[in-house]
Amino acid sequence: MELANTLRVCDADKAEMKASRILHSLDFTPAMQRKKLKDLSGGWRMRVALARALFIRPSMVLLDEPTNHLDLDAWVWLEEELRTFKRILVLVSHSQDFLNGVSTNIIHVHHRRLKHYTGNYDQYVKTWLELEENQMKRFHWEQDQIAHMKNYITGFGHGSANLARQAQSKEKTLQKMVASGLTERVVSDKTLSFYFPPCGKVPPPVIMVENVSFEYIKDGPCIYNNLEFGIDLDTRVALVGPNGAGKSTLLKLLTGELLPTDGMIWKHPHVKIGRYHQHLQEQLDLDLSPLEYMMKCYPEIKEKEEMRKIIGRYDLTGKQQVSPIRNLSDGQNPHMLFLDEPTNHLDIETIDALADAINEFEGGTMLVSHDFRLIQQVAQEIWVCEKQTITKWPGDILAYKEHLKSKLVDEEPQLTKRTHNV
């Protein structure tokens with residue numbers, strides 16, 4: 001009887017439906033929900049761990065970068081879920097937008113000290129800047145006072161008795177100021193800066209996509225069907241849509257890493273493309289030079305001069321061939337930047353620096369990102385990848401976010417009915 005009451009209080013009869021709802025919201029299809037964990041990739045296992053934390057609703061939840069590996073749909077769902085979370089939540093995130101939607105207090109780690117602020121991230125920034133401004137005003141006032149007193153002590157410490165007494169008084173005041181603790185100069189955290197070199201001009205059209213369809217295996221699921229569009233050096237596009245819709249696939253098609261099943265992708269013969277994706281660093285040993293890396297990958301080629309000739313065909317010549325890969329720019333002054341989740345592992349300040357560099361870049365940009373704020377800063381167009389096609393979103397990324405929120409409200413009753421039937 002006691003066990004039955006406990007199960008009733010815990011809504012045990014609704015546990016499967018609740019678990020399915022959480023997993024669905026984190027982009028698990030019904031088939032994926034039935035898979036064994038060992039058959040899931042690391043990113044999907046992380047989502048299972050997140051789902052478990054939300055399912056058991058403990059007294060305290062600790063989340064470290066929970067939005068990594070989430071698409072924008074799942075991101076919005078998680079933000080709404082945590083915004084009304086009735087437990088203690090401690091969160092580490094590099095997304096200002098996510099922190100604004102979820103947090104009510106901010107703890108700033110600065111020079112190995114913790115400082116507490118009330119409010120969301122924007123409120124924290126406003127308060128922090130005001131405090132730093134006041135701190136610098138106080139610092140300069142104290143330094144002026146110290147300089148004035150030191151000059152007086154030096155100039156009149158050995159003068160008449162009256163001036164000497166005043167000098168001694170100022171010396172005691174100075175000693176008290178130092179003993180009570182002086183205001184420190186504001187020292188800003190070091191941040192990285194990004195720079196994309198000038199790329200020169202390439203006359204339009206730069207890339208043309210004509211009647212392109214794509215599927216990974218013959219007669220398999222169609223990822224794209226009959227795509228038609230062009231991109232030039234003034235293109236600033238963010239690709240959005242659910243996981244599996246083909247955002248990364250499209251970038252691979254445009255770079256030539258994948259070939260269309262049907263149709264044609266034409267690129268200007270002089271265009272250079274710089275592509276960054278989240279697994280790039282896992283594939284390249286950045287401490288090796290291009291020559292060392294290629295000799296390691298192709299041990300059957302014994303002569304370095306032969307390998308140098310091969311590398312030279314890709315516009316890597318002279319010192320570039322023997323410099324560490326990390327010192328080489330993506331694409332050697334590319335005309336187009338294709339960035340696939342570039343903000344993973346970047347802190348907030350570095351993301352802002354990346355946004356500044358993208359905005360100053362002369363060429364075109366296509367961006368896949370789950371960071372709403374980065375998209376808002378750099379994208380002039382939003383393209384939605386969904387249902388085998390690409391459509392231009394009529395508004396900005398914040399309007400798209402509101403659209404995703406409205407979908408949550410519409411889908412919830414349908415999901416409850418569906419999981420109940422299962």
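**Stop 1**

Select Phe361: the residue is buried, because its relative accessible area is 3%. Buried means under 20% relative accessible area, exposed over 50%, and partly exposed in between (1.4 Å probe, protein chains only).

Before going on, note that this is a predicted model: local features need pLDDT of at least 70, side-chain atom pairs count only at pLDDT 80 or more, and totals for chains, interfaces and linings use all residues. Residues are numbered from 1 along each chain as its sequence is written, and side-chain values use heavy atoms, with hydrogens and water left out.

Now find the aromatic pairs. The structure holds nine of them. Rings of Phe, Tyr and Trp (its six-membered ring) pair if their centres lie within 6.5 Å; planes under 30 degrees apart count as stacked, over 60 as edge-to-face and the rest as tilted.

Select Tyr124 and Trp128. This aromatic pair is stacked, with 5.9 Å centre to centre and 15 degrees between the planes. Both residues lie in helix H7 (residues 121-156), four residues apart, about one turn of the helix. Helices (H or I, at least four residues) and strands (E, at least two) are DSSP runs, numbered from the N terminus. Tyr124 counts as buried, because its relative accessibility is 4%.

Phe196 counts as partly exposed, at 23% relative accessibility.

Finish the rings with Tyr117, Tyr121, Tyr124 and Trp128. Ring pairs link these residues into a cluster.

**Stop 2: salt bridges**

How many salt bridges does the structure hold? There are 14. Each is a side-chain nitrogen of Lys or Arg within 4 Å of a carboxyl oxygen of Asp or Glu.

Select Lys401 and Glu79. They form a salt bridge, and the closest N and O atoms are 3.0 Å apart. The pair links distant parts of the chain: Lys401 sits in helix H15 (residues 397-421) and Glu79 in helix H5 (residues 72-83), 322 residues apart. Lys401 and Glu79 are both buried.

Next take Lys405 and Glu80. Their side chains meet in a salt bridge (3.8 Å, N to O). This pair also joins helix H15 to helix H5, with Lys405 and Glu80 325 residues apart. Lys405 is partly exposed, at 23% relative accessible area.

Now try Arg308 and Glu305. The side chains meet at 3.9 Å, N to O, in a salt bridge. Both lie in helix H12 (residues 304-312), three residues apart. Arg308 is partly exposed at 26%, whereas Glu305 is exposed at 53%.

**Stop 3: the cysteines**

Select Cys199 and Cys385. Cys199 is buried at 9% relative accessibility, and Cys385 is buried at 0%. The structure holds zero disulfides (pairs of cysteine sulfur atoms within 2.5 Å).
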